[in-house]
Amino acid sequence: MGILYDDVVLIRQSEREGEPSVITVNCPDKTGLGCDLCRIILFFGLTVVRIDVSTDGKWCYLVFWVIGNPSTRWGLLKKRLVGACPSCFLVSGISYYGAELLPPRPPDVFLLRFCCHDRKGLLHDVTKVLCELELTIKRVKVSTTPDEKVMDLFFITDTRELLHTNKRQEDAYDHLKIVLGDAMISCDIEMVVPETAACSQAPSFLPDEITEEMFNMDTPDELKIGSVGFRSPSIMMDNLLSPSHTLVQIVCQYHKGLLYDIMRTLKDYNIQISYGRLTTKENTECELDLFIMQDDGKKIVDSSKQDALCSRLRLELSRPLRVALISRGPDTELLVANPVELSGKGRPLVFYDITLALKMLNIAIFSAEIGRYVIADREWEVYRVLLDEGDSLSISKEEIEQAVWKMLMGWE
């Protein structure tokens, strides 16, 4: 098995700063594989500037050109990409490995609970540590006491599946201690049963003013967040160029996670990609050609299905996330909504980007919550951040929305 996996993922790091590194994936194919790989690449903070995809339906070959940074953990990235690829034995006819076809077991959920003295940027610093440790934040409840202390409750899962061990917990504690220093008062980690995690969830509904503000499903020709415009993409379908595939041509404005947004949409529609190519132009515009087919191996000829797919792609690329700043009496609340895949996964690092943007604005966070809600027949991960009353008034609503939006989109 080790020999078969030697060449599943190959990474050639760039020799010069600013030049792309090349990631090559060569493995059995499955519907949604491109989405899973793009999500991992996005989690590691890499920007995809070009991609080539080809498959015969059983075996696929993908090449990603990515821009990273000196701190990229390439060895760990390779391990995660290999873990997302189907086993080579799936196409060899060996039934012993049929267990890989079964749904994965839900990861264990742990409660990280700590109390410390408050300071600006604290929540982002903690979030950064958890991301570096590959601890995924499922839910969070952060509150500030009148004596300027914070009680943080993070419901987390461990990508490495080791958080049940004392060594892993001590490692997490040591990393948090380095960041929090003398501000830390107490910290503990414990496994929780699913019922406890479920009880931690926010209410299953949002106020009407929030849903009306954030979840209007109309797609404008140009979305405007503060003074930042976002052009609507051009999407065309063609069934004449290929006898067995539908060609989808997309021209759109580049943003962080763009390829993931496209791939997760196709995955949710159970669409298979046989060939694809993405090119970017000066990091402001990209062109994508995809030869696709339905899960029955046929092209998309039904005009209603074509319209539905085009409409969803246009919506996802025009409004990949929802950002709003709402006045709730004397308080100011920042809300960010992240669409969730049918598989239950959402875009990574959203909370990281939100807290980083607020830290750079020198805005303190009074409380924060993450909850999942079903709105308009879709599941959303909604981040609700209550801003410090004094700080929020010193910066305009447009400036805050614009800063958070730019951070989420990866724009300077």
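**Entry 1: salt bridges**

I began by counting salt bridges, taking one as a side-chain nitrogen of Lys or Arg within 4 Å of a carboxyl oxygen of Asp or Glu, and by this rule the count comes to 22. I kept in mind that this is a predicted model, in which local features need pLDDT of at least 70, side-chain atom pairs count only at pLDDT 80 or more, and totals for chains, interfaces and linings use all residues. Residues are numbered from 1 along each chain as its sequence is written, and side-chain values use heavy atoms, with hydrogens and water left out.

I then looked up K141, which forms a salt bridge with E369, the closest N and O atoms being 2.6 Å apart. This pair links distant parts of the chain, since K141 lies in strand β6 (residues 135–144) and E369 in strand β17 (residues 365–375), 228 residues apart. I took helices (H or I, at least four residues) and strands (E, at least two) as DSSP runs, numbered from the N terminus. For exposure I used relative accessible area, with buried meaning under 20%, exposed over 50% and partly exposed in between (1.4 Å probe, protein chains only). K141 counts as partly exposed because its relative accessibility is 38%, and E369 is partly exposed too, with a relative accessible area of 28%.

**Entry 2: K256 and D353**

K256 forms a salt bridge with D353, and here the closest N and O atoms are 2.8 Å apart. I found K256 in the loop between β12 (246–253) and α8 (258–268), while D353 is in helix α10, 97 residues apart, so that the pair links distant parts of the chain.

**Entry 3: helix α9 and its partners**

I turned next to helix α9 (residues 303–318), which has 16 residues and reaches 22 Å from its first C-alpha to its last, close to the 22 Å expected at 1.5 Å a residue, the expected span being 1.5 Å times one less than the number of residues. I noted its buried residues as Q306, L309, C310, L313, L315, E316, L317 and S318. A308 is also found in helix α9, but A308 counts as partly exposed because its relative accessibility is 34%.

The side chains of E316 and R264 meet in a salt bridge of 2.8 Å, N to O, which joins helix α9 to helix α8 across 52 residues. Both R264 and E316 are buried, and I found them again in a network of salt bridges that links D261, R264, R312, E316, R347 and R378.

**Entry 4: α4 against α10**

I looked up how helix α4 (residues 122–132) packs with helix α10 (residues 350–360), and found an angle of about 145° with the axes 9 Å apart; axes are lines fitted to C-alpha atoms, for helices over the stretch in contact, and angles run from 0 to 180 degrees between N-to-C directions. The contact, meaning heavy atoms within 4.5 Å, is made by L123, H124, D125, T127, K128 and C131 of α4 and F351, Y352, T355, L356 and K359 of α10.

**Entry 5: T24**

Last, I checked T24, which is found in strand β2 (residues 21–28) and counts as buried because its relative accessibility is 15%. Leaving aside neighbours within four places in sequence, T24 is in contact with V8, V9, L10, Y61, L62 and V63.
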